[in-house]
Amino acid sequence: RLDERTRDIIKSTVPVLAEHGEAITTHFYKRMFEDHPELKNMFNMTHQKVGKQPRALANAVYAAAQNIDDLSAIAPAAETIAEKHVNLNIQPEHYPIVGEYLLKAIKEVLGDAVNDEIITAWGEAYGEIADVFIQIEKKKYAESAWTGYRNFNVEKKVKESEEITSFYLLPENGGSLPFYRPGQYIGLKADIPGYPYTQLRQYSLSDAPGEEYLRISVKRESGTDELPAGLVSTWLHDQVQEGDVLPLSAPAGDFYLDESGKLPVVLLSGGVGVTPLMSMYKKIREERDVYFIHAARNGGVHGLKEEMSGSRTYVIYETPSEEDKTMGAFHKAGYVDLDWLRTVVPKEADFYFCGPEGFMRAMNGSLHEWGIPEENINYEFFGPKGNI
Ligand code: FAD
């Protein structure tokens, strides 16, 4: 356990470091990848470019440091990160490398503003924080269906919409499918011809447990004039065919349906955020009161449409096409807003949501404004934790 002096130093320097948080973590990644390019195989290199990963790391480290007197306060956040780490196969030996470069980055970015005593204190604090993660992850590895990667065959590739395609996956050499909870995701290892590093991505399992396959449903990230197309999703859509092999890490994630709950369930999804919620929906629609609200830009990009078939399902199209209108395929045009939401779903319910960041922010804001207790609100980010 850290002594009081060390903890005081940490708490008094958190604000200074936090102020320079992103500069430090950006520098940290740059230096670490220069010296250890092999680690590029473990990190999402697009998130690096976009700056999301440095931001998420900075926030996590400072939140932990702020709670250095009682690290149990970070347990809920640590759970989510640890699930991702296990899915990425992060091992205890990776932590000292990250620690070394984080300290170097603090020193190099802040220069004379930090003395040796501060650096030593941060070194010790990092060790404590790393240990919290290592212990949680050790437990998770022990419970995981397998460690590392297991090969799956693409049995079937099904186009679900203009942008979303499903992949039905079976273990390459037979064997049983893993247990998973509706809402969890797998990790997919992509070795893309011509791209120098292995890229790992997470995909939610989009069908209910108990089927004869695992299914993921992937949106093609097309890119724009300024932005390149998504690396892995484009490869999956254009290159990966039925019969090909995909290495997967075991199902993980702490965003899953609480099946012991008694309250009605409200599922709110935007775009491809439908995937984990579809798994939940199909698992419990026979057993519980479920309300499923899905927002998409229009019917053309609405994936898994036919599977949203119950009486309490509501489709909202931002800009419905003429065809959508003639088919009466949607319930409301525009957005999901609180005034409307309170007319269709009960307040006393367990809420789950997933979608693009703007959608997530709107849902989170609406549910809080409505007075939904924090413990009834659950959500998943399809990327490093953002601010909602
Ligand atoms: P990337 O190459 O990672 O690019 C991502 C985006 O960044 C693209 O829009 C791209 O245009 C943009 N970009 C690229 N380079 C730059 C740059 N230099 N500057 C700015 N922007 C840039 N996705 C699904 O489709 N279905 C799911 O069910 C699903 N489940 C998920 C579950 C979890 C828990 C998580 C964390 C993510 C999930 N995702 C899901 C997202 C998925 O993991 C990938 O992030 C997604 O497929 C995009 O990966 P990519 O390699 O195609 O794109």
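How many bridges join β7 to strand β8, and in which direction do the two strands run? Six bridges link β7 to β8 (residues 290-296), and the two run parallel. Strands are taken as paired if DSSP finds at least two bridges between them; strands (E, at least two residues) and helices (H or I, at least four) are DSSP runs numbered from the N terminus.

The model is predicted, and local features need pLDDT of at least 70, side-chain atom pairs count only at pLDDT 80 or more, and totals for chains, interfaces and linings use all residues. Residues are numbered from 1 along each chain as its sequence is written, and side-chain values use heavy atoms, with hydrogens and water left out.

Together with helix α9 (residues 274-284), β7 and β8 form a right-handed β-α-β unit; right-handed denotes a clockwise path from the first strand over the helix to the second, with the strands pointing away from the viewer.

β7 is also joined to β11 by five bridges, again in parallel, and V266 stands opposite F351 of β11. Strand β11 (residues 350-354) is in turn joined by four bridges to the parallel strand β12 (residues 377-380), where E380 is the bridge partner of C354. The chain passes from β11 to β12 through helix α12 (residues 357-370) in a right-handed β-α-β crossover.
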